[in-house]
Amino acid sequence: YDSIYCISCNAGISHSEDVATQDGCDLQMQVNHLSHWILVATLCPLVKKCAADSGDAALFFIASSGARLMTRYGKLEAQYFGKNGGNLGGNGKSMFFGGGRTWRYSQSKLANSVMMYTLQEKSLQANEATKNIRVCAAHPGGSATSLGNHVEVAWYEAWFIFPILTRMFQSAADGTMGLLTGMMATDALSGTLYGPLANGSISGPAVPNPPKPFENDPANGKLLWDASAETTGVEFIV
C-alpha cells in the first residue's frame, strides 16, 4: 500500500498478572499502548499520504470508562511505561478499591486517550496534510464482551457489586458505536472521545465525552510521548 485511510488501535487486554513481556515491559501496557505507538508511528507516513491526496484520514484509539474514573493520582505515571514488568503493584484483585491489576490497566488505557489528545495537538501544529487527519478515541462503556471473562475479582465484588453492575451493561454491538462514530460518521470531530455517558458512563448513546483534566494535560502528554519513544526505541514524527 502507498496510503492508508484509517488505523484503529483496538487491541486490548485487561487485568493481567504483574508479569514482564520478553521486552521487559508490563504486559498490559505493551499490548494496550506501546504496540499501538509502534504501529501508528511506523505507518503514519502512509496515513499522511492519504490525508494529503484525499483531504481525509483517521487515527483511532480505544480508551476505557473505568480507567477514566479510577486513575490513581489523576495522572500518568512514568514507571508503568518503562521496562519494569513484574514490579508494578502485584496482583491485587479489587477493581474498585485499589489493586495492582486495576492500576496497570487504568494506566495503559488512560495512555490511549492521552495519546489521542496529544497527537491531535501535534497534528494541528505540523502541516496542512496532518490537519486533515481526524484523531479520535472512544470508550465502549460497560459492554457484554469476552474481555473480562478471565478476570478474578475480590470476593465481595464478585458477590455484591458485579451482579448489579453487569445488569446495566449494554450489548457488544452497542459498545462498538463510539468506535464506529469516530471512524465513520461524517460529522465526527477530531480531538473528541466518543462513548456513553449515561449510568456512570456504562451505557447509552455514543456521544462526545468532555476530557478529564489529566487527559489533555500537556505534562501528561509529554510524559507519554517521551517515555513511549524511550522504551520502544521508536521516534514518532508527526
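S16 touches L27, Q28, R101 and R104, with residues up to four places away in sequence not counted; contact here means heavy atoms within 4.5 Å. The model is a predicted one, in which local features need pLDDT of at least 70 and side-chain atom pairs count only at pLDDT 80 or more, while totals for chains, interfaces and linings use all residues. Residues are numbered from 1 along each chain as its sequence is written, and side-chain values use heavy atoms, with hydrogens and water left out.

S16 sits in the loop between β1 and α1. Helices (H or I, at least four residues) and strands (E, at least two) are DSSP runs, numbered from the N terminus. S16 counts as buried because its relative accessibility is 10%. Buried means under 20% relative accessible area, exposed over 50%, and partly exposed in between (1.4 Å probe, protein chains only). H15 lies in the loop between β1 and α1. At 6% relative accessibility, H15 counts as buried. The phi of H15 is near 55 degrees, a positive value in a residue other than glycine. Most residues other than glycine have a negative phi.

The protein has nine helices and five strands. From the N terminus, the order of elements is β-α-β-α-α-α-β-α-α-α-β-α-β-α. The C-alpha trace spans about 55 × 40 × 30 Å along its principal axes. Of the 238 residues, 47% count as buried. Among contacts with a separation of 6 or more, 78% join residues 24 or more positions apart.

Helix α9 (residues 218-232) packs against helix α1 (residues 27-54) at an angle of about 80 degrees, with the axes 10 Å apart. That makes α1 roughly perpendicular to α9. Axes are lines fitted to C-alpha atoms, for helices over the stretch in contact, and angles run from 0 to 180 degrees between N-to-C directions. Angles under 35 degrees count as roughly parallel, over 145 as roughly antiparallel, 65 to 115 as roughly perpendicular and the rest as oblique. From α1, the residues in this contact are H33, L34, W37 and I38; they meet L224, W225, S228, A229, T231 and T232 in α9. Six residues of the contact of α1 with α9 are nonpolar, four are polar and none is charged. In this scheme Ala, Val, Leu, Ile, Met, Phe, Trp, Tyr, Cys and Pro count as nonpolar, Asp, Glu, Lys and Arg as charged, and the others, Gly among them, as polar.

Helix α9 also packs against α3, at an angle of about 100 degrees and with the axes 9 Å apart. α3 and α9 are therefore roughly perpendicular to each other. A111, V114, M115, T118, L119 and K122 in α3 meet N220, G221, L224 and W225 in α9. By class, six residues of this contact are nonpolar, three polar and one charged.

The largest nonpolar core has 39 residues, of which W37, L59, F61, L224 and F236 touch the most other members. A nonpolar core is a set of buried Ala, Val, Leu, Ile, Met, Phe, Trp, Tyr and Cys residues joined through side-chain atoms within 4.5 Å. Two or more residues of this core come from each of β1 (6-9), α1, β2 (57-62), α3 (100-126), β3 (133-138) and α9. The largest share, nine residues, comes from α1. Another core lies apart from it, with eight residues, among them C136, M183, A188 and Y194. Beyond its neighbours within four places in sequence, W37 is in contact with M115, L224, W225, S228, A229, T232, V234 and F236.

In helix α7 (residues 177-184), G178, L179, T181, G182 and M183 are buried. The buried residues of α7 pack against β1, β2, β3, α6 (172-175) and β4 (192-195). D187 lies in the loop between α7 and β4. D187 is exposed, with a relative accessible area of 60%.

P208 belongs to strand β5 (residues 207-209). At 47% relative accessibility, P208 counts as partly exposed. Leaving aside neighbours within four places in sequence, P208 is in contact with T192, L193, Y194 and L197. P208 and L193 are 15 residues apart in sequence and 5.7 Å apart in space, C-alpha to C-alpha.
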